[in-house]
Amino acid sequence: MSQQRNSDRLADEGILDAAYDLLLAIGMRRLTMADIARHAGVSRATMYRRWPNVTAVVGALVTREFGRLATSLAAVPEHDARPALVAGVVQVVGAIRTHPLLRKIIEVDPELLLPYLVERRGQTTDVQLALLEAYLAAGIADGSVRPGEAALLARAVLLTAWSFVLTGPLLVSDRDCTALDAELAELLERYLRP
């Protein structure tokens with residue numbers, strides 16, 4: 001049974017890798033389940049057993065890609081959590097902002113982002129919130145973060161980070177994003193400092 005799950009996971013990774021390649025090449029509007037299946041070397045039936053449509057495949061791909069970046073923050077320090085949190089958020093913001101997948105979505109298929117901004121939360125958001133809450137709870141406990149409700153602080157930090165990811169490049173040139181990231185660090189430091 002476990003060997004079957006590992007085999008399924010490997011197949012899923014191959015399919016998501018194929019979807020990633022195709023999404024960067026042609027965008028989502030022209031992407032079909034048949035294209036992904038052909039590029040991944042699997043049948044269309046295999047595709048449909050795993051995902052109902054291209055949107056679901058792209059959702060799984062986005063969750064995988066941005067989840068990997070978010071979980072790079074997973075080790076919450078035992079002491080002085082605030083500086084680690086601020087540095088980690090700034091690092092992840094920069095990585096997501098310049099990620100080829102996000103750049104392609106914004107360039108070709110920006111409407112794909114709209115439901116996740118105004119209608120519903122995706123799995124990636126839940127992962128990000130859980131990590132932020134863990135850091136903030138640790139920071140509140142060790143005194144490096146101001147007292148407050150960790151869940152609410154996490155939401156405020158995430159909303160701030162998203163604005164720097166999505167609209168930062170519109171407001172400054174690419175070379176100025178380093179300066180913008182320094183401002184994000186300062187903003188988070190001042191917001192979270194006791």
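The lining of the largest pocket comprises 23 nonpolar, eight polar and one charged residues. This pocket belongs to a predicted model and holds about 680 Å³ of space.

**Largest pocket**
- Of the 32 lining residues, Phe66, Thr124, Thr125, Gln128 and Trp162 are the closest to the centre of the pocket.
- Two or more lining residues come from each of α4 (54-70), α5, α6 (100-108), α7 (114-118), α8 and α9.
- Helix α4 supplies the largest share of the lining, with eight residues.

**Helix α11**
- Helix α11 spans residues 177-192, 16 residues in total, and reaches 22 Å from its first C-alpha to its last, close to the 22 Å expected at 1.5 Å a residue.
- Its buried residues are Cys177, Leu180, Asp181, Leu184, Leu188, Glu189 and Leu192.
- These buried residues of α11 pack against α5 (81-97), α8 (123-142), α9 (150-166) and α10 (168-171).

- The side chain of Arg97 forms a polar contact with the side chain of Asp181 at 2.8 Å; Asp181 is one of the buried residues of α11.
- Leaving aside residues up to four places away in sequence, Arg97 touches Leu102, Arg103, Phe164, Val165, Pro169, Cys177 and Asp181.
- Among these neighbours, Cys177 and Asp181 are both buried residues of α11.

Conventions:
Residues numbered from 1 in each chain as written. Predicted model: local features only at pLDDT ≥ 70, side-chain atom pairs only at ≥ 80, totals over all residues. Heavy atoms only, no water. Helix = DSSP H or I, 4+ residues; strand = E, 2+ residues; numbered from the N terminus. Expected span 1.5 Å × (residues − 1). Buried < 20%, exposed > 50% of the residue type's maximum accessible area, 1.4 Å probe, protein only. Contact = heavy atoms within 4.5 Å. 1 Å grid on protein atoms, 1.4 Å probe; cavity = no way out; pocket = protein on both sides within 12 Å on 5 of 7 lines; lining within 4 Å. Points joined across faces, edges and corners; volume = space filled by probe spheres on them. Nonpolar A, V, L, I, M, F, W, Y, C, P; charged D, E, K, R; others polar. Polar contact = N/O pair within 3.5 Å; in protein donor to acceptor, adjacent residues only side chain to side chain.
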